[in-house]
Structures are given as C-alpha cells and as structure tokens.
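Here are my notes on this model, point by point. Please read them with the structure open.

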Amino acid sequence: MAVSDSLSLAQARRIALAAQGFADPAPTGVPNRRHLRRVLDRVGLLQMDSVNVLQRAHYLPLYSRLGAYPTELLDRAAYRRPRDLFEYWGHEASLIPVELQPALRWRMAAAHSDAWGGMRRIAVEQPELVARVLAEVRANGPMTAAEIEHDAPRQTGNWGWNWSMVKQACEYLFWAGELTAASRNSSFARVYDVPERVLPAEVLATPTPSAPEAYRRLVGVAARALGVAAEPELRDYFRLPVAAARAAIAELVEAGELLPVAVQGWRPPAYLHRDARLPRWIRAGTLVSPFDPLIWERGRTERLFGFTYRIEIYVPAPQRVHGYYVLPFLLGDRFVARVDLKADRRAGVLLVPAAWVEPGVDPVETAGALAAELYRLAGWLGLAAVAPPAGGDLAGPLAAALTGMVAVR
C-alpha cells in the first residue's frame, strides 16, 4: 500500500481485517497445515477458554478465517510432533507459535513476582511442594494435577497436600516455564510435562533474548497482526508492561517497522505496520468468537467498527442485554448483527436464544447472510439443524431466512 500519514476510518478497518486474515482467499478443498500456518502467521496466537457452550474458544478464530476446517488440524499443531504451538500466558491462556517461546522467557523468569496470588504464595510458603511436584512430573509425566495428587501417596508417601495446592504448584511451574502442557485430557484439564519432552529441541536451544529485544519482538508480532493500532492494544496483545511496551514502540518507530499515522476519529496516536495491506474490499461473511484477536481490545473495536461489544458470561442472567455467549456477525467490513448461540449436541441442533441487528442495517439482507452462516457453522459442529431464534429484534427475519435451509456437513 502507498504509505500515508493519515487514514480514513474505512481504510483503517480494511487494513485491520486484512492483517487478521479476513482478506485472504478461502481454501479450495479441505484446509491443511499450510492454511493453518497462514492464519497463525496473521494472528500471532490463539486465546484459550474453558467455556464450551458452543465450541472451545481456540478453535473458532480458524473457523472464522478458513471455514469448516478439521479441528484435528489444530490439535496436531498444538499437541503432536512436530509442534507448531505451545500453551503459555500470551494474551490470556493461549496457544502460541513455538518460535516465540524465547521471547516469553522474561515472563517465566518473573513468575516469583508476577504470577497470580495463589501461585506466588505456594512458591514462597511451600517451596518443597513445588520441588516435589516438579520431580513427580519429571519422573512420571505427562500427568494432570489430579493424577499427581492421586499418585503422590503411592509414589512418595503421604504428602498431606490437597488437590488445590498441587494444582497451584503445577500452575506456578507452568508460569515459570518449568512445566508445559503436553496435551489436554477429555475434561480439558492440562496434562503437564517438562519442556524438554514437549518443545522442539531447537527452540529450547535458542539463546534467551534480552528483555528489550523480547518486548520488541512481541510488539512487532502484535503490530503486524493488528495492521494499525494505538499503544494500548499493541501492549494488550501480549499483556506487556506499560513502560516496556512504550519503549519498544518507540524503538520500532525509529527502526521503521512502525509508522505513526492519524486515523480519522481516533484520539490516541496510531501506528501502522510497514507490511500492512490496504485491500479494496473485504468479502467476509462470518461469525467471530468473543475471544477472537480481532476484537480483544474493546476500545479499538468501538473506534474501528462503531461496535460496542461486551461478553456477558459473568453477568447475571436477568441483567444480560444480548445473551450468554454472543458472537458478532462480520459482513463485508462491518459488524452488522450479533447472535447468542448454544450447541445442543445431544439433539444435534444449534440453538439461537437471541439474534440482534445493528442500527441502520437492513434486517432482511442481514438475516439472509446470517442464516447461511449459521447453517455453515452448524455443519462444522456436526449439528443437523438450526433452531429458530427465541428472541432479539432480528428473530423474525432470521426465522424466515432459516426456513428450508440445511446444514452443510
């Protein structure tokens, strides 16, 4: 794209969507590892979350960009050799490309001061617990925390520690990089093992960069993934310290990797990645996860799209505005609707507790596009039907549009 010192809001939206992979051509045939790598190169990491009312959070960003892909593709990349991804604290709990592990060692080294309260207390107050948990996994892993607690009396005598203490020790060691996730079990619990049995040897042998070098690397990944962004979202992408992120941004500006720009209607200064693309249009028509990196930073989502979005999982049901697990619907380069969804796997039905249209959007046109997307999603999830929406101001048009459609499996 031609470099400019100012961008219209429409240009900024298209740059942001292209940076996140929404301008890439759809795969022909079944998506494969090459397509997976392309998305990972775009987004930089995938957030994980335990909520499974529809689908695990880390699977959904790939669906939004690739369509109906085999989830085993991501499972293999994360939990089988040769691993492309590993679990660690990135944005939140995340799947992160293994080549970024050295750039996150500063966070591992700071576990004693930065890990959450319960983990820090275990490390300070009961270091012998932490040491023996590590020894147990090293000798007998891979293991879940529950297996360690269950196995401990038989293996090493009566430890006298309850499950929560063992779990906290495991999580401290995970934060410190002394344990990592070999896999997840059927209950989605981490199965811990030592890094040398999980991560590629060449990654472990990579020299540890200085903290400033690591911050520059991570801010660079964030900037490339966002396309155009202000300082708070560049920092938020990997949850970096404020001063360190600001210093890294300044250094990347000086190096020419980030270009200061003014974006129409934005108050904070913005930065454009030097490799950002400005496509002529975006032809998206897809649902976006509440945990998608496109909308992680809600302030940027409002500035870019004029779309106010809050996840309401933790809001008491009577106080929810739109629903429990609400996905925005991206059509072209705008969010035009949002829909509360739940997978009824036993009945084989995608439930739609509510559907809502954005102000100023044609509800009939939107309903038609959304109905097609809901059946595409249902087919990917292995569900045979989509139930009529139960509520919301788009319920009528969407129910009409859903009539006669079938899931593509």
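1. Arg 239 counts as partly exposed, at 36% relative accessibility. Partly exposed means between the two cut-offs: buried is under 20% relative accessible area and exposed is over 50%, with a 1.4 Å probe and protein chains only. Arg 239 sits in the loop between H13 and helix H14 (242-255). Its phi is near 55°, a positive value in a residue other than glycine. Helices (H or I, at least four residues) and strands (E, at least two) are DSSP runs, numbered from the N terminus.

2. A word on the basis. This is a predicted model: local features need pLDDT of at least 70, side-chain atom pairs count only at pLDDT 80 or more, and totals for chains, interfaces and linings use all residues. Residues are numbered from 1 along each chain as its sequence is written, and side-chain values use heavy atoms, with hydrogens and water left out.

3. Phe 188 also has a positive phi, about 70°, although it is not a glycine. Its loop runs between strand E5 (180-184) and strand E6 (190-193). Phe 188 is buried, with a relative accessible area of 13%.

4. Check two cis peptide bonds. One runs from Arg 81 to Pro 82, with omega near -10°. Pro 82 lies in the loop between helix H4 (72-79) and strand E3 (85-89). The other joins Gly 141 and Pro 142, with omega about 5°. Pro 142 is in the loop between helix H8 (127-140) and helix H9 (145-156).

5. Overall, the chain has 17 helices and 14 strands. Its radius of gyration is 22 Å, close to the 22 Å that the globule rule gives for 409 residues, so the chain is as compact as a globular protein of that length. The radius is taken over C-alpha atoms, and the rule is 2.2 Å times the number of residues to the power 0.38. Buried residues make up 56% of the chain.

6. Which residues have the most contacts inside the largest nonpolar core? They are Leu 341, Leu 374 and Leu 398, in a core of 117 residues. Helix H12 (residues 211-226) gives the most to this core, with nine residues. A second, separate core has 25 residues, including Ala 16 and Tyr 309. Such a core is a set of buried Ala, Val, Leu, Ile, Met, Phe, Trp, Tyr and Cys residues joined through side-chain atoms within 4.5 Å.

7. Helix H16 (residues 363-380) reaches 25 Å from first C-alpha to last, close to the expected 26 Å. The expected span is 1.5 Å times one less than the number of residues. Asp 362 caps the N-terminal end: a side-chain oxygen lies 2.9 Å from the backbone nitrogen of Val 364. Among the buried residues of H16 are Glu 373, Leu 374 and Trp 380. Just after H16, Gly 382 takes a positive phi of about 80°.

8. Thr 286 lies in strand E10 (residues 285-287). Thr 286 is buried, with a relative accessible area of 2%. Its side chain makes a polar contact with the side chain of Arg 376 (3.3 Å). A polar contact is a pair of N or O atoms within 3.5 Å; within protein, one must be able to donate a hydrogen and the other to accept it, and residues adjacent in sequence count only if both atoms are side-chain atoms.
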